[in-house]
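Welcome! Please take a moment with the sequence and the 3D view shown here, and then follow the briefing topic by topic.

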Amino acid sequence: MNSKSCNPENKPLEIYVFVDPICPQCWALEPILQKLRIEYGNYFKVRHILTGKLTNLNVSSKQHEAMAKYWEKVSHETGMCCDGTLWLNNPISSPFLTSLAIKAAELQGKRAGARFLRKIQEVLFLETKNVSELSVLMECGKKADLDMEEFLNDMNSKSAAKALQCDLKITSEMQVTEIPSLVFFNENIEDEGLKISGLYPYEVYVQVIQEMLNEKPSPAALPPLEAFLKFNNVTASKEVSTVYNLTIPEAEKELKKLVLQQKLLMIPGKHGPFWRYIGKE
């Protein structure tokens with residue numbers, strides 16, 4: 001695998017996260033990434049790479065039916081809500097436009113791009129909105145606190161298209177054929193990255209970090225639940241379950257307490273509720 005080149009920072013590791021915004025397995029990775037960032041984020045930085053695996057999606061009705069079934073399957077297997085009825089009622093017509101919008105958001109900074117990708121996944125998998133529609137992309141941009149004028153200009157710029165092509169080139173060079181995939185790099189740019197293809201339990205990624213560091217760092221403390229929910233704004237039960245090492249029923253018991261305190265709003269979903277933070281300072 002090709003070595004990477006990146007700007008030096010204090011963090012000893014960098015993780016390339018290869019995702020497709022409309023891939024349910026990539027959405028299922030989100031709780032694991034969140035927990036990794038909380039507990040070991042002092043040791044690595046993240047770079048999202050869009051693979052474009054679904055960019056040339058066949059728009060036939062049979063393909064839509066297959067995608068609907070796949071989403072439902074992933075939802076049952078992972079516990080993350082992926083409502084496949086989207087593909088039957090309001091199917092995505094242009095995954096390319098969605099990916100281009102994410103690269104446009106990233107031109108406002110890595111954090112802005114990550115916030116925007118998260119909003120894309122929320123409205124897609126939880127709210128079953130068509131993220132290939134400009135109005136939905138604009139909604140996500142506003143929720144991600146983007147400069148909307150700059151965002152629209154960048155979507156139509158060569159810079160966003162060039163950034164997306166760069167991601168596709170990296171995907172090809174690193175021979176990433178499965179999504180999601182994570183590639184771990186250390187400080188030595190001569191060393192090859194360690195690629196983990198597919199979705200694995202949290203402990204597998206922690207072990208990789210330990211091996212790359214040649215030590216077993218102590219995980220940082222978890223934040224109070226309410227602080228975690230406020231940061232995310234919209235959260236799936238599975239995310240709370242994964243981050244706080246709870247069963248889904250245990251997580252939902254704690255979440256319902258905050259509903260009673262009028263700090264959370266429970267939103268029914270096809271595969272279980274999700275939760276919107278409404279607490280006041």
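E122 counts as buried, at 3% relative accessibility; buried means under 20% relative accessible area, exposed over 50%, and partly exposed in between, with a 1.4 Å probe and protein chains only. The model is a predicted one, in which local features need pLDDT of at least 70 and side-chain atom pairs count only at pLDDT 80 or more, while totals for chains, interfaces and linings use all residues. Residues are numbered from 1 along each chain as its sequence is written, and side-chain values use heavy atoms, with hydrogens and water left out.

- E122 is found in helix 5 (residues 110–126); helices (H or I, at least four residues) and strands (E, at least two) are DSSP runs, numbered from the N terminus.
- Leaving aside neighbours within four places in sequence, E122 is in contact with W27, E127, N232 and V234, where contact means heavy atoms within 4.5 Å.
- W27 is 95 residues away from E122 along the chain, and the C-alpha atoms of the two are separated by 8.8 Å.

- An open sheet has 4 strands in the order 2-1-3-4, with mixed pairing; two strands pair if DSSP finds at least two bridges between them.
- Strand 2 and strand 4 are at the edges with a single partner strand each, so one side of each is left without a neighbour in the sheet.
- From one strand to the next, the twist averages 20°; axes are lines fitted to C-alpha atoms, for helices over the stretch in contact, and angles run from 0 to 180 degrees between N-to-C directions.
- Strand 1 and strand 3 run antiparallel and are joined by 5 bridges.
- V17 has L182, in strand 3, as its bridge partner.
- Helix 1 packs on this sheet and touches strand 1, strand 2 and strand 3, with its direction at about 160° to that of strand 2.

## Helix 9

- Helix 9 lies across strand 1, strand 2, strand 3 and strand 4, and runs at about 20° to strand 3.
- Which residues of helix 9 are buried? They are Y202, Y205, V206, V208, I209, Q210, M212 and L213.
- These buried residues of helix 9 pack against strand 1 (13–19), helix 1 (24–40), strand 2 (44–50), strand 3 (181–185) and strand 4 (194–197).
- The 12 residues of helix 9 (residues 202–213) should span 16 Å at 1.5 Å a residue, and this agrees with the 17 Å between its end C-alpha atoms; the expected span is 1.5 Å times one less than the number of residues.

- In another open sheet, 3 strands follow the order 5-7-6 with antiparallel pairing.
- Strand 5 (234–236) and strand 6 (264–267) stand at its edges, and each has a single partner strand, so one side of each lacks a neighbour in the sheet.
- On average, neighbouring strands of this sheet are turned by 25° against each other, direction ignored.
- Strand 6 pairs with strand 7 (residues 274–277) over 4 bridges in the antiparallel sense, and L265 stands opposite R276 in strand 7.
- Helix 10 (residues 225–232) lies across strand 5, strand 6 and strand 7, at about 115° to strand 5.

## Helix 11 and S241

- S241 is found in helix 11 (residues 237–243).
- Is S241 buried or exposed? S241 is buried, with a relative accessible area of 7%.
- Apart from neighbours within four places in sequence, S241 is in contact with L246, T247, I248 and A251.

## Cavity and pocket

- On a 1 Å grid over the protein atoms alone, a cavity is a set of points where a 1.4 Å probe fits but cannot get out, and a pocket is an open set with protein on both sides within 12 Å along at least five of seven lines; lining residues have an atom within 4 Å of a point.
- Grid points are joined across faces, edges and corners, and a volume is the space filled by probe spheres set on the points.
- The whole structure holds 1 cavity of 30 Å³ or more, and the largest cavity has about 40 Å³ of space.
- Residues lining the largest cavity are V19, C26, L29, E30, L33, H48, L117 and Q121, and helix 1 gives the largest share, 4 residues.
- The largest pocket has a volume of about 1400 Å³.
- Of the 43 residues that line the largest pocket, R37, K110, R111, A114 and R115 are the closest to its centre.
- Helix 5 supplies the largest share of this pocket lining, 9 residues.
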